[in-house]
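Visitor: Please take me through this model, starting with how you name its parts.

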Amino acid sequence: EDFFSPLSPSKRKFFFVAQAALWVESLVLKSLKLIGVPKFRHIRIPQGTVLVHSGQHPLLNKIPWVMDFEQAAAIGWFERNVIDKPHVKKFFEWLFASDYCRGLLGWTSAARQSLLNALDCSKFKDKIRTVHLTIVPQDRVDRSDRRGTVELFFCSRNFYYKGGLDAVLATSELAKSYDVHLTVVSNTPDEILRQYGDDPHITFRKQVSTKERHALMHKADIFLHPGHSETYGFVMLEAFSFGLPVISTDGYSAPELVEDGVRG
């Protein structure tokens, strides 16, 4: 009651309608995954269009199109077991071999290889390309003359999935022999806060504004991103834009992003 009391009746109604819509959407998506319905779209296209660029959605439109993708699972609602269904494989193999599909652009070479592994690409292999993502460089700071405490930085909404616990454990161990400090910006679980909240070498913060996050990027010496399952770490790309070296785990596309000895 305290939460809803500031809301007017019309806003309360909108809130509940929005929540109901999200629940229905989730239920529909689960059903599509369960029965193995392929992921695709048929969209309205302005007259005179000669080529469509689709973000991770195969198109049924009879007009030339290209699609970028994070990994093969993206075309199966990010569920690999959907793509592995025989009828789904045949559908995408037919669709990608069509004359309308002009290009399949993997964000990384790992993404490209994942599609080659998932489907029989013999009829459209030449359409699959790697096109790495880019980001606008930010104002960089000169870290070469810094002395004293080495500032580590971890930032992600998902604490466990993105390796927040690993960053905390590593810092706790490093602090026994080195002058290090870790700033964690995340939805840190209460059990972690109870155990490490008083550690002088670690500062925990909730989600911050973009301006504050950029300030922390400038302050940091090393960005930690030890994700357990990462198909593409956009936050690593952001760290690079500040000239910040990254330490990550050696899996999937990370070796393409974090060139050892160059960017981390």
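Guide: Helices (H or I, at least four residues) and strands (E, at least two) are DSSP runs, and they are numbered from the N terminus. The model is predicted, so to speak of a local feature requires pLDDT of at least 70 and side-chain atom pairs count only at pLDDT 80 or more, while totals for chains, interfaces and linings use all residues. Residues are numbered from 1 along each chain as its sequence is written, and side-chain values use heavy atoms, with hydrogens and water left out.

Visitor: Is Gln 56 buried or exposed?

Guide: Gln 56 is buried, because its relative accessible area is 13%; buried means under 20% relative accessible area, exposed over 50%, and partly exposed in between, with a 1.4 Å probe and protein chains only.

Visitor: Changing topic: which residues of the largest nonpolar core touch the most other members?

Guide: In that core of 26 residues, they are Trp 65, Phe 96, Leu 104, Leu 115 and Leu 119. The elements that give two or more residues to this core are S2, H2, helix H3 (86–97), strand S3 (101–106) and helix H4 (109–118), and H3 gives the most, with five residues. A nonpolar core here is a set of buried Ala, Val, Leu, Ile, Met, Phe, Trp, Tyr and Cys residues joined through side-chain atoms within 4.5 Å.

Visitor: What does Leu 119 touch?

Guide: Leaving out residues up to four places away in sequence, Leu 119 touches Ile 75, Ile 83, Lys 89, Phe 92, Glu 93, Phe 96 and Phe 124, where contact means heavy atoms within 4.5 Å. There is also a second, separate core of 20 residues, which includes Phe 153, Met 217, Phe 240 and Val 258.

Visitor: How many residues of helix H8 are buried?

Guide: Seven of the eight residues in H8 (residues 234–241) are buried, namely Val 235, Met 236, Leu 237, Glu 238, Ala 239, Phe 240 and Ser 241. What covers them includes strands S5 (150–155), S8 (222–225) and S9 (246–248), together with helices H7 (210–219) and H9 (254–257). After H8 comes Gly 243, with a positive phi near 70°.

Visitor: What touches Val 246?

Guide: Val 246, which is in strand S9, touches Phe 223, His 225, Met 236, Ala 239, Phe 240, Val 258, Arg 263 and Gly 264, again not counting residues up to four places away in sequence. Val 246 counts as buried because its relative accessibility is 1%, and its C-alpha atom is separated by 29 Å from that of Met 67, 179 residues apart along the chain.

Visitor: Moving on to charges, how many salt bridges are there?

Guide: The count comes to six salt bridges, taking a salt bridge as a side-chain nitrogen of Lys or Arg within 4 Å of a carboxyl oxygen of Asp or Glu. Among them, Asp 84 pairs with Arg 80 at 3.1 Å, N to O, and Glu 212 pairs with Arg 205 at 3.3 Å, N to O. Another is formed by Glu 259 and Arg 263, whose closest N and O atoms are 3.6 Å apart.

Visitor: How exposed is Glu 259?

Guide: Glu 259 is partly exposed, with a relative accessible area of 39%, and Arg 263 counts as partly exposed at 30% relative accessibility.

Visitor: How many disulfides does a search of the whole structure find?

Guide: The search finds zero disulfides, a disulfide being a pair of cysteine sulfur atoms within 2.5 Å. For Cys 101, the closest cysteine sulfur is in Cys 121, and because the two sulfurs are 10 Å apart, they are too far for a bond.

Visitor: Last one: is Cys 101 buried or exposed?

Guide: Cys 101 is buried, with a relative accessible area of 1%, and Cys 155 also counts as buried, at 9% relative accessibility.
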